[in-house]
Amino acid sequence: MNANSARDSAKALALPLAVLIAFEVWARAIDLQSDSLAPPSAIVMALFGAFADFSILAATRDTLFSAFAGLAIGTVVGLALGIAFGIFEPLNRLMEVTVEAIRPIPSIALLPIALIALGFGYRMEIAIVAFACVWPILILSRAAVRSIEPRLMEVARALRLPPLQRVWKIIIPAALPRIFVAFRLSAGIALIVAVTVEIAINPLGLGAGIMLAQQALRADLMLAYLVWIGIIGYALNTLLTVAQSRLFGRAALSGDGR
């Protein structure tokens with residue numbers, strides 16, 4: 001990290017730290033008693049307490065397992081469909097209405113159906129996360145395949161590559177940078193949807209931890225869970241951004257909303 005990057009990071013942290021200090025001073029000055037707010041110092045202590053009894057670690061394990069399993073399934077399905085739609089234009093036109101009719105359905109709206117079919121637990125949560133992750137992967141991989149340089153496809157035809165080798169050796173390497181962007185987007189969606197499902201109905205993971213803290217009127221613990229979810233999301237995005245930069249160069253990060 002050079003001096004400019006360190007200076008920029010310090011500037012980015014200055015405002016949140018100032019807000020937290022001001023809120024801490026205000027909360028202590030008025031002796032804040034609330035079921036929904038807590039001083040930052042109390043939130044930090046509640047977070048340490050949740051780590052000490054391992055409750056937040058167990059909840060993190062459950063949430064990340066569901067999120068990553070759903071992300072993996074959604075990625076495989078979305079990538080397969082996106083490549084197929086990108087290669088075969090008649091198939092893309094045939095399925096366009098179906099895709100555009102199903103894609104806007106909120107994943108949470110499927111909870112009643114998934115609950116009846118799969119019951120409480122990992123399977124139901126993974127299915128909902130996978131449904132949410134399919135669409136960014138499908139849409140961006142389809143667009144990536146359709147934007148491949150036509151001369152590459154002519155080379156594949158000249159070499160008489162079988163369809164599977166054409167996909168593996170030509171299409172996927174050429175479209176991989178945009179597919180990885182879709183994967184990054186879906187990773188964030190997977191975490192959001194997993195926690196939302198747990199808050200709404202599934203009694204496990206970080207979302208269920210938030211609800212238990214709320215029912216116990218533990219505002220400090222409830223906010224500690226929220227802070228921890230934010231830390232996990234930030235770490236996940238940073239990890240994938242670094243991987244994207246290492247794999248495809250910093251130019252691949254420009255214009256993707258980083």
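I count a contact wherever heavy atoms lie within 4.5 Å. The model is a predicted one, in which local features need pLDDT of at least 70 and side-chain atom pairs count only at pLDDT 80 or more, while totals for chains, interfaces and linings use all residues. Residues are numbered from 1 along each chain as its sequence is written, and side-chain values use heavy atoms, with hydrogens and water left out.

I looked up Ile-56 and found that, leaving aside residues up to four places away in sequence, Ile-56 touches Leu-47, Ala-50, Phe-51, Leu-206, Tyr-225 and Trp-228.

I then turned to the nonpolar cores, sets of buried Ala, Val, Leu, Ile, Met, Phe, Trp, Tyr and Cys residues joined through side-chain atoms within 4.5 Å, where buried means under 20% relative accessible area and exposed over 50%, with partly exposed in between (1.4 Å probe, protein chains only). The largest core has 21 residues, and Ile-56, Leu-206, Leu-221, Tyr-225 and Trp-228 have the most contacts inside it. Helices here are DSSP runs of H or I with at least four residues, numbered from the N terminus; α2 (40-52), α3, α8, α9 and α10 each supply at least two residues of this core, and the largest share, 9 residues, comes from α10.

Next I checked α9 (residues 205-215), where the buried residues include Leu-206, Ile-210 and Ala-213, and their cover includes α3 (55-87), α8 (163-200) and α10 (219-248). After α9 comes Leu-217, whose phi is positive, near 60°.

Last, I noted that Val-25, in helix α1 (residues 3-29), is exposed, with a relative accessible area of 54%.
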